[in-house]
Amino acid sequence: MSQTIVIPNMYQTPAQQYQLQTGNPPPLIDAAQVEEHLVDFYEDVCTELSNFGDLEELHVCNNLGDHLMGNVYAKFYDEDGAADAQRALHGRFYAKRALICEFSPVTDFREARCRQFDQRECTRGGYCNFMHLYKIPHEVERKLFGNARRRKPNSPPARRGGGDGMAVIMNLMKGVLVIEDARDLLEGNANMILVVDIGPEKFRQVTGTRTDHPGTDHVNVALLQMFITPGNEKEKDLFLLLLQQW
């Protein structure tokens with residue numbers, strides 16, 4: 001078993017639905033309508049899956065390859081929740097289609113997702129074999145998951161930094177920026193690690209500082225630790241300035 005279930009090809013975009021129902025090429029669909037359709041889908045699926053256990057993550061694939069197109073991945077906090085959901089959903093009908101619900105070995109979506117796609121740099125397009133995951137508005141994600149996505153139920157709160165501030169470690173080595181968690185940080189909800197791609201020269205330009213980390217003259221590596229004190233607008237403005245550069 002696994003904490004994660006997958007429902008292959010469950011999600012269909014408005015354009016795909018139109019084409020399947022009419023057999024004709026879809027008309028131009030407004031971007032706001034596409035997002036509303038996706039958000040409605042997320043909310044419906046989250047509501048249903050929450051009946052079986054505490055839901056940790058929900059992801060929908062935006063790939064074009066048959067093995068990933070429209071796949072829905074749901075990760076629960078424990079295997080029991082995933083097992084109950086798999087038994088209940090397998091064979092059920094959704095949008096007039098019978099669902100296939102299976103266990104998935106994927107539990108770390110940071111490794112399974114395409115980082116280049118997240119940065120709008122994937123050269124393989126929709127047929128990439130890494131997951132191209134839809135993004136939903138941050139406020140919708142907060143409403144659906146709250147802080148549960150970042151902390152298991154009954155676990156202690158994230159440990160804060162020195163004094164009354166909140167420690168932020170920016171590890172500029174990996175090439176991924178977790179913007180959603182940065183927003184949580186500004187709202188005072190969590191300590192987060194931000195992983196971004198930036199060279200030492202740009203780091204100095206953005207921050208007005210320098211780093212003595214070995215190798216920064218020729219390797220894209222830099223570390224910045226800063227403290228955002230609640231109510232300190234100057235520190236908050238600096239943090240926002242940093243985010244805008246990436």
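Where is the place of Asp-80? Asp-80 sits in helix α3. Helices (H or I, at least four residues) and strands (E, at least two) are DSSP runs, numbered from the N terminus. The model is predicted: local features need pLDDT of at least 70, side-chain atom pairs count only at pLDDT 80 or more, and totals for chains, interfaces and linings use all residues. Residues are numbered from 1 along each chain as its sequence is written, and side-chain values use heavy atoms, with hydrogens and water left out.

The chain comes to nine helices and nine strands. Of its 246 residues, 40% count as buried. Buried means under 20% relative accessible area, exposed over 50%, and partly exposed in between (1.4 Å probe, protein chains only). Contact means heavy atoms within 4.5 Å. Among contacts between residues at least 6 apart in sequence, 62% join residues at least 24 apart.

Confidence is given by pLDDT, the predictor's confidence in each residue, from 0 to 100. The mean pLDDT of the chain is 74, and 59% of its residues reach 70 or more. Over residues 150-198 the pLDDT is below 50; this stretch has 123 contacts in the model beyond near neighbours in sequence. Residues 209-228 also stay under 50, and the model has 59 contacts for them beyond four places in sequence. Where pLDDT is low, the predicted coordinates should not be read in detail.

Helix α3 spans residues 79-89. Its buried residues are Gly-81, Ala-82, Ala-83, Ala-85, Gln-86 and Leu-89. The cover over these residues includes β1 (4-7), α2 (31-49), β3 (72-76) and β6 (102-104). Asp-80, by contrast, is exposed, with a relative accessible area of 55%. At the start of α3, a side-chain oxygen of Asp-78 comes to within 3.2 Å of the backbone nitrogen of Asp-80. Such a polar contact is a pair of N or O atoms within 3.5 Å; within protein, one must be able to donate a hydrogen and the other to accept it, and residues adjacent in sequence count only if both atoms are side-chain atoms. Phe-52 lies 28 residues from Asp-80 in sequence and 8.4 Å away in space, C-alpha to C-alpha. Just after α3, Gly-91 takes a positive phi of about 90°.

Cys-101 is placed in the loop between β5 and β6. Cys-101 is buried, with a relative accessible area of 1%. Beyond four places in sequence, Cys-101 contacts Ile-5, Val-6, Ile-7, Ala-85, Gln-86, Leu-89 and His-90. Cys-101 and Gln-86 are 15 residues apart in sequence and 5.6 Å apart in space, C-alpha to C-alpha.

Most residues other than glycine have a negative phi. Ala-95 has a positive phi of about 50° although it is not a glycine. Ala-95 is found in the loop between β4 (93-94) and β5 (97-98), and is partly exposed at 49% relative accessible area. Lys-96 is found in the loop between β4 and β5. Phi of Lys-96 is positive, near 65°. Lys-96 is exposed, with a relative accessible area of 82%.

The second largest pocket is lined by Gln-12, Gln-17, Leu-20, Gln-21, Ala-95, Lys-96 and Arg-97. Helix α1 (residues 14-22) gives the most to this lining, with three residues. A pocket is an open set of points on a 1 Å grid over the protein atoms alone, where a 1.4 Å probe fits, with protein on both sides within 12 Å along at least five of seven lines; lining residues have an atom within 4 Å of a point.
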